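Here's a quick briefing on a two-chain model. Have a look at it first, then we'll go through the chain contact, a sheet, a strand and a helix pair.

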Amino acid sequence: MKLAIILWGLVQALKLAALFFPAFAARVRERNIIAQFKLQDNSAGRWIQFENGKIKSGSGIHPKPDLAIFFQTRAIAEEFLTPPFDQLVRIDAAKNFKVGMDGPDELVVWFAATLTFMTTVGWKSGTDMGNGVKRYTNGTNGGPIFVYVKDGKIVRITPIEFDDQDAPSWSLKARGKTFTPPRKTSLAAHGLALKSSVYSKDRILYPMKRVDFDVNGNRNIQNRGKSEFVRISWDEALDIVVQEIKRSKAVGRGAILANSGSHHQWGNFGHYLSAFGRFINLVGCTKVMGSPDSWEGWFWGAMHHWGNSMRLGTPEFYGTVEDCLKEAEMIVFWSSDPDKTYGYEGTIRRAWAKELGIKMVHIDPYLNHTAAHLGGKWFAPKPGTDAALAQALCHVWIAEGLYDKKFVEDRTHGFDEWKAYILGIADGVAKSPEWQETETSIPAREVRALAREWGRKKTYLGAGSWGCGLGGAGRGPMGAQWARMMAILGAMQGYGRPGVNFGNLQFGAPVDFSFYFPGYAEGGMSGELTQSANAANNYQRMPHIVTMNSVRQSIPRKFIPEAILEGKAAGFVTDVSTVQGQFQRTGYPAAGHAKIEMMYKYGSSSMGTQIDSNRYVKMYQSEKLPFVVNQSIWWEGETRYADIVLPACTVFEHWDIGEWYNVGAGYVHHMYSMNNHRVISIQHKCIEPLGESKSDHDIFLEVMKRLGMGAIYSEGGNTELDWCKRAFDSSDMSKHTTWKKFLKKGYYVVPNVPEGARASVGNRWFYEGRGKDTPEPYPLPADYVGDWGKGLQTPTGKFEFVSQTLKNIDDNLRPPLNKYIPTYEDPKRNPNLVDYPLQLLSPHTRYPFHIMGDDRGSAIRDIKEHRLRVDGREYLTAVISAEDAKARGIKHDDLIRLWNHRGSVVCAAYVTNRVRPGVVSASTASAEYRPAGEPGNSTDLGGCINLLNPKENITEHTHSIKPNTTLIQMEKWTGVDTWRRAEAVA
Amino acid sequence: MSAKWNLIVDVAKCDNCRNCFLATKDEHIGNDFPGYAAAQPEQVHNWVDIKRKERGIYPIAEAHFMPVMCNHCDDAPCMKVAKNGAITKRADGIVIIDPEKSKGQKAIVDACPYGAVFWNEERQIPQAWIFDAHLLDQGWTKPRVEQSCPTSVFRALKVDDAEMRQIQVKEGLDVLHPELNTKPRVYYKNLHLMTTCFVSGSVVVDVNGVDECAENVDVVLTRNGSEVGRTKTDVFGEFKIDKLEARSGRYELKLSLGSAHSLSAQVDIGDESPYLGVLKLKGT
């Protein structure tokens, strides 16, 4: 099309939009501006003027435009402006300077967004339900949902019930029965309870400033966490933040620390890896280097026996639901409690297993939720000793010939050495059932019975919460030892054989793994190519401009307080691309980089989620951290430890898009196989942001505009809704449905593949000695020692009973042969800790998602298995044994104090026979931190169990946490706090 | 006969996920439904609540959960104390406490033998779970407790009373406190998991000088000479005999493995489910 016609057409389109859509007319009325479209050499152009809502235009070059959009050549202009727009053409023009913009950044962004609004203003979303109620959709960490809205207020949140137009569900046949999942999504509590969190009394509704903070005078840093806050305007708040960004950048490279939690609300664009990621890269920040904190033992341990580095050392799970139901005779749940945190899709499948008469065994010091629900034999080993139990199983298997000899012979390396160790030939100690009894307290006869049953029956090993890793004993001080034993047990039974594999039916539903929709770890709009999974698909599928953080400094997450207070911190990199990635050291400060001047904290609360978290108070009250801005939705434990607080809004108050449990490549590829249906939802902006809150994206955009980078941040005026459309276009969904239909209905169920085209059973190719045929692009081609796709990622290409990669490092707690090393979190073995005779488990929470859903307005707080309300305050529940309670005069529902030298926390006692005496179990995350006295140095009433957990690594050469066997003492709470922190206890 | 609403609750399927509890709060907190229910106050009301029952003693323990709510009784004690027609029994069986007419009538709360009616201090009204009548009247086919439950604990049925009686007999359904004759419309399956006790133990036998778990041991429980339960030990030597009435007193337990080994024991059933510990078979 000719340029003159295109530009004339554009003006007519603007006028029509203003005529038909009052919202667009209002938008035009917002500014009086003159915008010039032109060729760079001024040889042709058209100006458009907005004046008091009127749209005027003229051909040619205006003498005084407020902004100009110019094109290098006529051909480029015509290609750029002719609909339908080709995103690749547009970004090619932008990044190669074929198109440019002149004028104030803020105005350019406004004008560009106005042009896109011309298209989006006419879009219709949601389903009219009558009586003024509209049904929208959204996505949450707990699953996709319907959201009923009336008069701008959320009425209700429900699971999504599918209709006849949605793709059919899969079914599978096992032992004469046919199973098919319910035609709806199931929801976790933290998804269903979200309305209460939206309208929570803990919502931050306005920008706030600590009352005694003066950015140009006395900052009163020592009062962080103590002083009150006052409301300020957005302009004042943003001006202070930008002033501090500029001050910090002037001090030196990397002086801004960008710090977020591991999770955020659902959605590909609001996610921290997306909107915050782009912000970090454009500002240039020192990033926080996380550890694989829910997978520690698998990543640092099991990986060295079989590779699977890009699965964090956990095994494949494809096809295991069908194989388990068809073939398995027993499932051993080892430190495995899938009925929490991630909803109940797998629970439905486990009910089928029960119906089929598959036997269940549970190994966990706590008769966990899944175990209580399913029933079966319960083993309660002393925490931290599980590896002894596992080795005794190996002993029986070897002594009685109950292992897969052919698999061991053909597919593994180092078995003779392992056998010699187990039989005690090497060290004179047979790892017999009797030997383990002194460690675990499990009777030898029961271990023999289990070993024989397991050796004779086709058994699935559900290791960790997901059955294929995650949580549980893998997060304990001996987590690496335990996860290594899980891998070894699998190898001895020939994992991959029909009916013998890893899993507990939580992963491996027969969904379509080829249908593309981006997962959140693909980075959304971040443009980050190396520290996200962007390069896997998103970068090609959704053409966008790459961004890059030029700061070469990071701080290991566990040691942020040490980095600030002591000026240094060291760790090992979480590099999943190859096994050797984890041996690379990193440290702060990096050469040529500055020390931290300010922290940009984004959501979450370290007090409730990071270990030994009294350290954070000390850090925040130190002059060594001159400025803290905290951008959060709710007032959480950490929020008060800031100078400026920026109010973000919930997922209901802005646009986003996402697929249920689709994380994307990199960490947990194909995580959506947890679900019975793949469900993609547009996350409608259901209501207006509460108070003056804004979406995270919009807050970052405001900061960016003040730094002259609004146009770059928004890639030329894209709003969140525009990004959603780009994600839709990038996905396979666009081949099956239209944007218009999707936007209205709100969700899409991905069709399943025909039964014969389902993914192969995980690990079977290896069992059968074939090339890899499961649908994951791992390991990297270079990591195969021989032919591509043949064998494992290990140096021998085989399963290694004796790890070759661990021979490359000298780590006392990770010897190449996984010999039993008793835990030092044992009062019997650690004389410094005799005052703390109880072992504390701090597993993932059941009802909230980490701290999300634990805000003080959430209905989740009404669940007495989560918190108990006493005198108007909600205390975190701690599960304690009837025996330990009796010895201390504690009754059910009494307030109790748990403490050690690191911290002291008041909880509500849940007295039960479901936990092994000597063990206390209390969830790991709390949104609230409520010190009874001086912050950081008194008893917490809020429930931050992590105050008690140690900061040290699992083993020397790792950057890892171990919050799962910490020693504590407990008493009935007296109401008087005398606890003080002892800094120098081993 | 006209079709009426009933709710069947299967205790064995409840995982305490709390979705029914949360869905009811989601539905009613902040929402007024005139003619059906005024908004529920935050925190203090649990119109649908979950009762917990733990049975057994470490290391043989169980935990069971049971959703409880207004039973929509056909002979509702609350209706007998209500004044000004504050409570109506709809033709479809649902009991509705009128949020206007019931003002000030705290007696309605006290009248409910199930503790299922809650007093709203602020509005001075009694409130209970309304079976989502407001949604059913709009065409919903099931209440939110059923919609939100991932493990199919609930089954709302609109059938006539004769058919419901047949279902009750066929599926062995109980109601709460049948002795009160309130004729509840909420029925329970596997209620014994909440109300009865079991006896358990771990049986051991000497095999060539080594203690082994004794599998397939015949376990017979008798009372006053008549058999009340029988099972076999599993591969771990464990047994469990269930559905024993709490506080039912003394029982005799007989264990035998073939003719070579046996053991007898006495067991008293009180409030709790006893675990007899390790029972070592003796040669006969």
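The contact takes 35 residues from chain B and 43 residues from chain A, where two residues touch if their C-beta atoms, placed from the backbone, lie within 7 Å. Keep in mind that this is a predicted model, with local features needing pLDDT of at least 70 and side-chain atom pairs counting only at pLDDT 80 or more, while totals for chains, interfaces and linings use all residues. Residues are numbered from 1 along each chain as its sequence is written, and chains are lettered from A and ligands numbered from 1 in the order in which they are written.

**Chain B's side of the contact**
- Elements giving two or more residues to the side that touches chain A are α1, β2, β3, α5 and β11 of chain B; helices (H or I, at least four residues) and strands (E, at least two) are DSSP runs numbered from the N terminus.
- α1(B) gives the most to this side, with six residues.
- By class, the side of chain B that touches chain A has 14 nonpolar, 10 polar and 11 charged residues. Here Ala, Val, Leu, Ile, Met, Phe, Trp, Tyr, Cys and Pro count as nonpolar, Asp, Glu, Lys and Arg as charged, and the others, Gly among them, as polar.

**A five-stranded sheet in chain A**
- This open sheet runs β18-β17-β16-β20-β21 with parallel pairing; strands pair if DSSP finds at least two bridges between them.
- β18 (377-379) and β21 (501-502) of chain A are the edge strands, each pairing on one side only.
- Two bridges join β20 (residues 459-463) of chain A to β21(A), and Y460(A) has N501(A) as its bridge partner there.

**Strand β27 of chain A**
- β27(A) (residues 644-647) is covered on both faces: I644(A) and L646(A) on one side, V645(A) and P647(A) on the other, are all buried (20 or more other C-beta atoms within 10 Å of their own, C-beta atoms being placed from the backbone).
- β12 (residues 208-210) of chain A pairs with β27(A) in the antiparallel sense over two bridges, with M208(A) opposite V645(A).
- β26 (residues 627-632) of chain A pairs with β27(A) in the parallel sense over four bridges, and Q631(A) partners L646(A).

**Helices α17 and α18 of chain A**
- α17 (433-440) and α18 (444-456) of chain A pack at an angle of about 120°, with their axes 8 Å apart.
- The contact is made by P433(A), E434(A), Q436(A) and E437(A) of α17(A) and A444(A), V447(A) and R448(A) of α18(A).
- By class, that contact has three nonpolar, one polar and three charged residues.

Definitions and conventions
Axes fitted to C-alpha atoms, helices over the stretch in contact; angles between N-to-C directions. Buried ≥ 20, exposed ≤ 12 C-beta atoms within 10 Å, placed from the backbone.
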